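Hi there,

Here is the structure I promised to pass along.

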Amino acid sequence: MEPPLPLDRHGRPLGVLRLSLTARCNLACPYCLPDGVEPPGLLNRAQRLSVVRAAVALGVRSLRLTGGEPLLHSGLEDLINGAAPLRQSAATGTAGLAEIALTSNGSLLTAARARSLRRAGLDRITLSLDGATGASVAAMAGLPGGTTAGDDLLAKVLAAIDHARDAGFDPGKGALKLNAVIQRGRNDDQLLALADLARQRGMELRLIEYMDVGNRNGWKPDQVISAAEMVDRIASRWPLEPIGRPSHGTASRWRYRDGAGHLAVVASITAPFCGDCNRLRLTADGVAYTCLFAADGVDLKPWLRPSPDPEGLDRALRSLWRQRRDRYSEERSMAAAAGSAAKNHRAHAEMAYLGG
């Protein structure tokens, strides 16, 4: 008999693998601040697929491809195509991947690239856009050149939305969404404009609370706009009704009462969802992390080089997941309520390496 699927110390299963393909990015968003060069020892296609295969055997059903900016990775389509044999099959009752998704800033998503990704087997794209004006986009993307550069990037992302839709990524079926990180005093004045933009294009807007990920962004609690406040601001203009947060999901969702689609919020600061988090993250150089706020990871390269060791990789991942006890956001929230610093405060790994 196959060994049972592993559960962590809090009884949480493994369900999502966020696979970072590069630490590089062509933007310099202040909440992320990526490096301009890759770390040494990047995994190759065969090694990445070996990890995906091992993770699927342990319960992963969703593969999320991230970065840095994953469209900078020249082997992206080849990797997606290589994951096809790991898909679940209703005909045979085979468990496997139910979806392959991509998160991108959209600036490099041409019409040809969108079609290429769709042909390769990509199911879903989430694009990031943190403002609806050139000035706000430039500020949130860390662009020199101010409004002019921001206008150019905004135009590229809006075109990317059209390219993705034309390639078959249907926002009405959840295959095309928009992410926005909202920071008080920097871009919170863009909330209504971003919501209006998403409504006009029939896309779900996912508003993300500004998080203390990594060590570079100078995060302070008073820079966080709570999900509740964001929802209230938007509901004052377009009434909403709650749908809720799906099991193992990161976003709580609302429906516009006028029928113009959906809104979602990711409230990892003010309403943590550690209790059913099922995500494993792998950096571009092969280090596995069990939490976005983790300080340390497990290097999987000993089981990938000089050639993959499937049994050793299985044991390593099983052990890693069974030992997992992460609940940083909940502990931070409890510490804040008690008026003290989080007891497990420590240097976090950088967002650009963990894939956000």
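**Glu 204 and its partner**

The side chains of Glu 204 and Arg 253 are joined by a polar contact of 2.6 Å. Please keep in mind that this is a predicted model. Glu 204 sits in strand β6, which covers residues 204–209, and it is buried, with a relative accessible area of 7%. Besides Arg 253, and leaving aside neighbours within four places in sequence, Glu 204 is in contact with Lys 177, Leu 178, His 262, Leu 263 and Ala 264.

Strand β1 (residues 16–20) is mostly covered, with five of its five residues buried. Which residues lie on each side? Val 16, Arg 18 and Ser 20 are on one face, Leu 17 and Leu 19 are on the other, and both faces are covered.

β1 pairs with strand β2 (residues 62–66) in the parallel sense, over five bridges, and Val 16 stands opposite Ser 62 of β2. To get from β1 to β2, the chain passes through helix α1 (residues 45–57), and this β-α-β crossover is right-handed. β1 also runs parallel to strand β10 (residues 279–282), joined to it by four bridges. There, Leu 19 stands opposite Leu 282.

**The nonpolar core**

In soluble globular proteins, nonpolar side chains tend to be buried together. The largest nonpolar core here has 100 residues, and Leu 65 and Leu 207 are the ones that touch the most other members. Not counting residues up to four places away in sequence, the residues touched by Leu 65 include Leu 19, Leu 21, Leu 76, Ile 80 and Ile 100.

Another buried leucine is Leu 153, at 8% relative accessibility. Leu 153 lies in helix α5 (residues 146–166). With residues up to four places away in sequence left out, Leu 153 touches Leu 27, Ser 107, Val 137, Ala 141 and Leu 143. Leu 153 and Arg 199 are 46 residues apart in sequence, and their C-alpha atoms are 20 Å apart in space.

For Cys 29, the nearest cysteine sulfur is that of Cys 25, 6.1 Å away, and Cys 29 is in no disulfide.

**Backbone details to look at**

Gly 67 and Gly 68 are joined by a cis peptide bond, with omega about 15 degrees. Gly 68 is in the loop between β2 and α2 (76–82). A cis peptide bond also runs from Arg 305 to Pro 306, where omega is near 5 degrees; Pro 306 is found in the loop between β12 (298–299) and α8 (310–323).

Finally, have a look at His 248. Its phi is positive, about 70 degrees, although it is not a glycine. His 248 lies in the loop between β7 (240–244) and β8 (252–256), and it is partly exposed, with a relative accessible area of 26%.

Best wishes, and happy viewing!

Terms used:
Residues are numbered from 1 along each chain as its sequence is written. This is a predicted model: local features need pLDDT of at least 70, side-chain atom pairs count only at pLDDT 80 or more; totals for chains, interfaces and linings use all residues. Side-chain values use heavy atoms; hydrogens and water are left out. A disulfide is a pair of cysteine sulfur atoms within 2.5 Å. Helices (H or I, at least four residues) and strands (E, at least two) are DSSP runs, numbered from the N terminus. Buried means under 20% relative accessible area, exposed over 50%, partly exposed in between (1.4 Å probe, protein chains only). A polar contact is a pair of N or O atoms within 3.5 Å; within protein, one must be able to donate a hydrogen and the other to accept it, and residues adjacent in sequence count only if both atoms are side-chain atoms. Contact means heavy atoms within 4.5 Å. Two strands pair if DSSP finds at least two bridges between them. A crossover is right-handed if, with the strands pointing away from the viewer, the path from the first strand over the helix to the second runs clockwise. A nonpolar core is a set of buried Ala, Val, Leu, Ile, Met, Phe, Trp, Tyr and Cys residues joined through side-chain atoms within 4.5 Å.
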